[in-house]
Amino acid sequence: MIFANLEQLPPDPILGVTAAFRADPSPDKIDLGVGVYRDEKGETPVPAAVREAERAMLAAQRTKTYVGPAGNLEFNRLIVEMALGPVAAGLRERTATIQTVGGCGALRLGAELINASQPGSVMHVSDPTWANHEPLLGSSGLKLARYPYYDPAARGVSFEAMRDHVAGLPTGSIVLLHGCCHNPTGADLSPGEWQALGDVIESRGLVPFVDLAYQGFGDDVETDVFGLRYLATRVPQMLLAVSCSKNFGMYRERTGALAIVASSPAIAGAIATHQARTARRMYSMPPDHGAAVVAWLLADPRLRAGWLAELGEIVGRMKYLRALLAGRLSTRRQDLDFTWVTQHRGMFSLTGLDAAAITDLRDRHHVYLPPDGRINVAGVSEANVDRVADSLVAVMR
Ligand code: LMR
């Protein structure tokens, strides 16, 4: 019997936490798991500017005929311009962009293309990295390796170890970098570290693959991409995976893009044909809706400004929640330093809790974290912060 040999799989490390949280009948349960933003009501709203763009786009839409494997070309242009800023214009002739099924689709498509072009290539990812990076990228057939990234004692980037390791990689190695708001640690490179790393990547002939899932969630849409833009001015070729899930609140619309900057316009032209063929062979074409909404919004200066203001409020709230949580933890454990909670950027920080503590949190306190001990600070609220702090302190060893 076909499929009879398949065994039940364990739950996904992140989505499994959501399922377990939903199944818990406790009224006191707290979800610090999956990376979605939540407001003070615990909701994940669609930004008002996105809703307005959506209404206007739908009112103007006359057909739902196919758009083609590369998706919405206006979206592709605008989203790359938002990521690369002033650098984009000079790279346009050398950039091949395809709309993808979310940021995950961009990562996977990029990995497929690398593996098709240079079978046996090695992709180097940070240690640790997002729980789905290695499964998602490794399923393409690429080999995976890790570079040192995080210093658990300092709760920050272990930059010298990272830079020295990267400097020793063979020419042509692919280095996956988190554009900002590192997932799961929350620890980002400083501008000076980005420059030092960019110089190493350039001089060693390495190929950066930047995963940009949180542009605008750290400080703002410009500050967050300092490193990406610096790299783009230094290296002859790079890959960029963009996600619109978080910053546009478009999670379920699966909206993203893969941009590949090539060393010449001719190579970029060839890459575009391979992007389209690979997409055609895997899923044919991306869904239209989310990209059409984002393109509409970004092309309208009023909607764009409104969305940026809403994004600013989201970032302000996440920084406020970080300060709130750090304060409540500090009053409970005056012997410990919690400044890392406020220093990290984006939604995530690593607590450093071990598997037994995470099980305890779930079973005794109804507080849900993924197995790597990551917390989503957007799951903290004014209403639950004391319970979060009490629970975390109770399981710290
Ligand atoms: C996360 O890291 O929680 C998000 O990126 C959602 C996911 O797909 O894992």
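Predicted model: local features only at pLDDT ≥ 70, side-chain atom pairs only at ≥ 80, totals over all residues.

Reader: How many of the residues of β7 are buried?

Author: Let us take the two faces of β7 in turn. On one side I174, L176 and H178 are buried, and on the other V175 and L177 are buried too. For the strand, residues 174-178, the count of buried residues is therefore 5 of 5, with buried meaning under 20% relative accessible area.

Reader: Which residue of β8 is the bridge partner of V175?

Author: β7 has parallel neighbours: 2 bridges join β3 to β7, and 5 bridges join β7 to β8. In β8, the bridge partner of V175 is P208.

Reader: Is the pair of Y37 and F217 stacked or edge-to-face?

Author: The ring centres of Y37 and F217 are 6.4 Å apart. Their planes stand at 85°, and an angle over 60 degrees counts as edge-to-face. So the pair of Y37 and F217 is edge-to-face.

Reader: How many residues apart in sequence are the parts that F248 and W307 tie together?

Author: These two rings are stacked, because their centres lie 4.2 Å apart with the planes at 5°. F248 lies in the loop between β9 and β10, while W307 belongs to helix α12, so the pair ties together parts whose separation in sequence is 59 residues.

Reader: Which residue has its charged end over the ring of F348?

Author: F348 forms one aromatic cluster with Y37, Y214 and F217. At 3.7 Å from the centre of the F348 ring sits the charged end of R374.

Technical notes: Residues numbered from 1 in each chain as written. Heavy atoms only, no water. Buried < 20%, exposed > 50% of the residue type's maximum accessible area, 1.4 Å probe, protein only. Helix = DSSP H or I, 4+ residues; strand = E, 2+ residues; numbered from the N terminus. Pairing = 2+ DSSP bridges. Phe/Tyr/Trp six-rings, centres within 6.5 Å; stacked < 30°, edge-to-face > 60°. Lys NZ or Arg CZ within 6 Å of the ring centre and 35° of its normal.
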